[in-house]
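I opened my notebook to look around a protein model one spot at a time. Here is what I looked up, entry by entry.

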Amino acid sequence: MKRHQVTIIDIARQLNLSKSTVSRALTGHASVKEETRQAVLTLARALDYQRNMLAINLSSSQSKTIGIIVPEFVTSFFPVVIMGAQEIADQAGYTVLICQSNESYETEVANARAMLANRVDGVLVSLTRETRNFDHLAVFQRKAIPLVFFNRICYDIDVPKVVVDDYEGAFKATEHLIQVGKRRIAHLAGPMSLYISRKRLEGYKDALRKHNLPIIDDLIISYDLNLDRAKIYVNYLLDLPEPPDALFAVNDPTALEALKIIKAQGLSVPDQIAVVGFSNDYGSSLIEPGLTTIAQPTRDIGRVAAQLLLEQIDSETTSWKPITRVLKTELIVRGSTVKP
C-alpha cells in the first residue's frame, strides 16, 4: 500500500471547503463558524491528520526542538539530567531530540551533524571521553545556534556551561577518608582529557596536602572509564607491597567495581580498605555495604542547562554571555567508609 500523509487538501476536498478555511479551523481562528470548525476537527480526527510541523517551523525559522547529546546511558546520571532538561523544555513548548554517543568521538560528530540536519534551535552537550577536537561543535557557534555544555565541558568554545563543584566534591571525599583514619588513599581518576577528571584529581591532592599526607604517584591511576580496565587497576593497587587503605574513585561505577573486587579478595570494608565514589548513582545505596559517595544535583543540572539554552534562544546573539553555573555537591556517608 502506498503511504499517504493526510493534508488539509484532503480535508478541504471532502468537506468542499477552501484550504484556507480548513487551516483557520484547525488553528481555532475566530472567523470560522463553530459548525464548520467542528466538522473540520471531526474529519481530521477520523483521517488521523497530523499538522506538518516541519513546514510550519520552517516558515517561522524555528523548529521548537532542542537537542541533547550525551556520552552514555550506562549509569543513571545522564537519563536523570535529561529528565530535568525535558521538564524545562516541555514547559516552554519545545520537543527534545536525544542522541547518545556511546563514548565515541566519531559518533558524537555524527550526532552533531544530525542535530544540524534537524534544524534544532539549540543544543545541550556533554562530551565523550575521547573528544579532544571540538570543530564539530564550534559549527553551532558559527551558525548562531545556542550551545550549552554540561558536566563534561569544553573551555575552547566560549558558551555557557553547567557543572558541579568537582574540586570541592573530591576534596570532601578525600578529607572524609582522612577523618575516618585512612592514610594511604588511592585515586582511580578519569581521563585527563576531561575537565571533571582534572578537577577531581586536584581536589584529592589538595586534601592530602592540607592534612600533611604524601601524594604517592603509585596510588594514582588515570584511566579511560572502561570498567574492564578498572578491574585490572584495582587488582594492581591491592597487590602493591603496601596496598592502599582507602580508594577514592572518579565515579560510582568505578567505585562499585572496586568494591566487588575488594570483597572477592576477602578484604573487610571499611576496616581494611574504605571506598568513596562520586555521583550517587541509583545502585550506590542498594549494595552491601552501601557506597559512600558525593551526590550531585543531577536533575538540577539538566534544568539549569535547559534554562540557559532557552534564554539564548529567546534573545539576540549580541546579548549571549558565556556564563558558567557551578552547582554544589553533598557527601553521603554509607557503610563503605563507616560501620553502621
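**Entry 1: Asp252**

I started with Asp252, which lies in helix α11 (residues 252-264). Helices (H or I, at least four residues) and strands (E, at least two) are DSSP runs, numbered from the N terminus. A note on what I am reading: this is a predicted model, where local features need pLDDT of at least 70 and side-chain atom pairs count only at pLDDT 80 or more, while totals for chains, interfaces and linings use all residues. Residues are numbered from 1 along each chain as its sequence is written, and side-chain values use heavy atoms, with hydrogens and water left out.

Is Asp252 buried or exposed? Asp252 counts as buried because its relative accessible area is 0%. Buried means under 20% relative accessible area, exposed over 50%, and partly exposed in between (1.4 Å probe, protein chains only).

Next I listed what Asp252 touches, leaving aside neighbours within four places in sequence: Gly277, Phe278, Ser279, Asn280, Asp281, Ser284, Leu291 and Thr293. Contact here means heavy atoms within 4.5 Å. I also looked up one distance: Asp252 and Leu291 are 39 residues apart along the chain, and their C-alpha atoms are separated by 8.2 Å.

**Entry 2: Phe77**

I moved to Phe77, found in helix α5 (residues 77-91). Phe77 counts as buried because its relative accessibility is 6%. Beyond its neighbours within four places in sequence, Phe77 is in contact with Asn151, Asp281, Gln296, Thr298 and Ile301. I noted Glu330 as well: Phe77 and Glu330 are 253 residues apart in sequence, and 15 Å apart in space from C-alpha to C-alpha.

**Entry 3: the six-strand sheet**

In which order do the six strands of the open sheet come? I read β2-β1-β3-β4-β5-β11, with parallel pairing. The edge strands are β2 (95-100) and β11, each pairing on one side only. Two strands pair if DSSP finds at least two bridges between them. Direction ignored, neighbouring strands of this sheet are turned by 15° against each other on average.

Then I walked through some of the pairs.

- Strand β3 (residues 122-125) is joined to β4 by three bridges and runs parallel to it; Leu124 stands opposite Val148 in β4.
- β4 and β5 pair in the parallel sense over two bridges, and Phe149 stands opposite Lys161 in β5.
- Strand β5 (residues 161-164) is joined to β11 by four bridges, again parallel. Lys161 stands opposite Thr324 in β11, and Val164 stands opposite Leu327 in β11.

I checked where the side chains point, too. From strand β4 (residues 147-150), Leu147 and Phe149 point one way and Val148 and Phe150 the other way, and all are buried. Both faces of β5 are covered: Lys161 and Val163 on one side, and Val162 and Val164 on the other, are all buried.

Which helix did I find across this sheet? Helix α12 (residues 298-313) lies across β1 (65-70), β3, β4, β5 and β11, running at about 165° to β4. For such angles, axes are lines fitted to C-alpha atoms, for helices over the stretch in contact, and angles run from 0 to 180 degrees between N-to-C directions.

**Entry 4: the four-strand sheet**

I found another open sheet, with four strands in the order β7-β6-β8-β9 and parallel pairing. Its edge strands, each pairing on one side only, are β7 (220-222) and β9 (274-276). The twist averages 15° from one strand to the next.

Strand β8 (residues 246-249) runs parallel to β9, joined by three bridges. The partner of Ala246 in β9 is Ala274. Helix α8 (residues 166-179) packs on the sheet, touching β6 (185-189), β8 and β9, and its direction makes about 170° with that of β8. Helix α9 (residues 195-210) lies across β6, β7 and β8, running at about 170° to β6.

**Entry 5: Thr329**

My last stop was Thr329, in the loop between β11 (324-327) and β12 (330-332). Thr329 counts as buried because its relative accessibility is 9%. Not counting residues up to four places away in sequence, Thr329 touches Val164, Asp165, Glu168, Gly169, Lys172, Phe278, Ile294 and Ala295.
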